[in-house]
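Hi everyone, thanks for coming.

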Amino acid sequence: MDVLDFDFYERLKKDYQQHKSIFVAYDYDNTVFDYHNQGISYIKIIGLLRVCKSLGFTLILFTGNEGDQLEIIKEDLINRNIPYDLINENPLMKTRKPYYNILLDDRAGLKEAYYNLKKLTNDIRNKKF
Ligand SMILES: [Mg+2]
């Protein structure tokens, strides 16, 4: 079996079934925030993050922003009701590689990640497992 044949959704579902929760990491610029001011709506991603929160998933914002900029971002997340549990922190291990079961990032297969995570939350809400 080739690694590219691996079923992304089945793995995510297994992660959830084992722990009854998952770690969802997300990016800020161009994932939940319109950095280039292009009039892009991030409401689908933000809505999904809210559903994830309601299901008890752990949400981690991973961003390259630091210092004052990070304070502005925290305020923005609160103002727009975008949930987060951790910022730039690994939930399980003290390592520099960000840890997560799924990543929402405009530079990392956002569309595929979104639809797989959306399917997981739908299946949980519809009590499919
Ligand atoms: Mg980005």
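Predicted model: local features only at pLDDT ≥ 70, side-chain atom pairs only at ≥ 80, totals over all residues.

Residues are numbered from 1 along each chain as its sequence is written, and side-chain values use heavy atoms, with hydrogens and water left out.

Okay, the metal. Which protein donors does the magnesium ion have? They are D27 (OD), D29 (O) and D106 (OD), sitting 2.1 to 2.3 Å from the ion. Donors here are N, O and S atoms within 2.8 Å of the metal (3.2 Å for Na, K and Ca), and water is not among the atoms, so sites may look incomplete. Along the sequence, the spacing of these donor residues reads D-x1-D-x76-D. D27 is in the loop between β1 (23-26) and α2 (43-54), and D106 is in the loop between β4 (102-104) and α4 (110-125), so this pair ties together parts that are 79 residues apart in sequence. For those element names, helices (H or I, at least four residues) and strands (E, at least two) are DSSP runs, numbered from the N terminus. D27 counts as buried, at 11% relative accessibility, and D106 counts as partly exposed, at 32%.

Next, charges. Side chains of opposite charge can pair when their charged atoms come close. The structure holds five salt bridges, each being a side-chain nitrogen of Lys or Arg within 4 Å of a carboxyl oxygen of Asp or Glu. One of them joins D76 and R80, with the closest N and O atoms 2.7 Å apart. D76 is buried at 17%, and R80 is partly exposed at 30%.

Now look at D123. Its salt bridge with K119 has closest N and O atoms 3.3 Å apart. D123 is buried, at 7% relative accessibility, whereas K119 is partly exposed at 40%. D123 also meets the side chain of K128 in a salt bridge, at 3.8 Å from N to O, and K128 is exposed at 59%. Through shared partners, K119, D123 and K128 make one network.

On to the inside. A nonpolar core is a set of buried Ala, Val, Leu, Ile, Met, Phe, Trp, Tyr and Cys residues joined through side-chain atoms within 4.5 Å. The largest one has 30 residues, and V24 and L117 touch the most other members. Which element gives the most to this core? That's α4, with six residues. Leaving aside neighbours within four places in sequence, L117 is in contact (heavy atoms within 4.5 Å) with residues including L12, V24, L48 and I102. A second, separate core of six residues includes I60, F62, L86 and L103.

That's my tour; happy to take questions.

Notes. Buried < 20%, exposed > 50% of the residue type's maximum accessible area, 1.4 Å probe, protein only.
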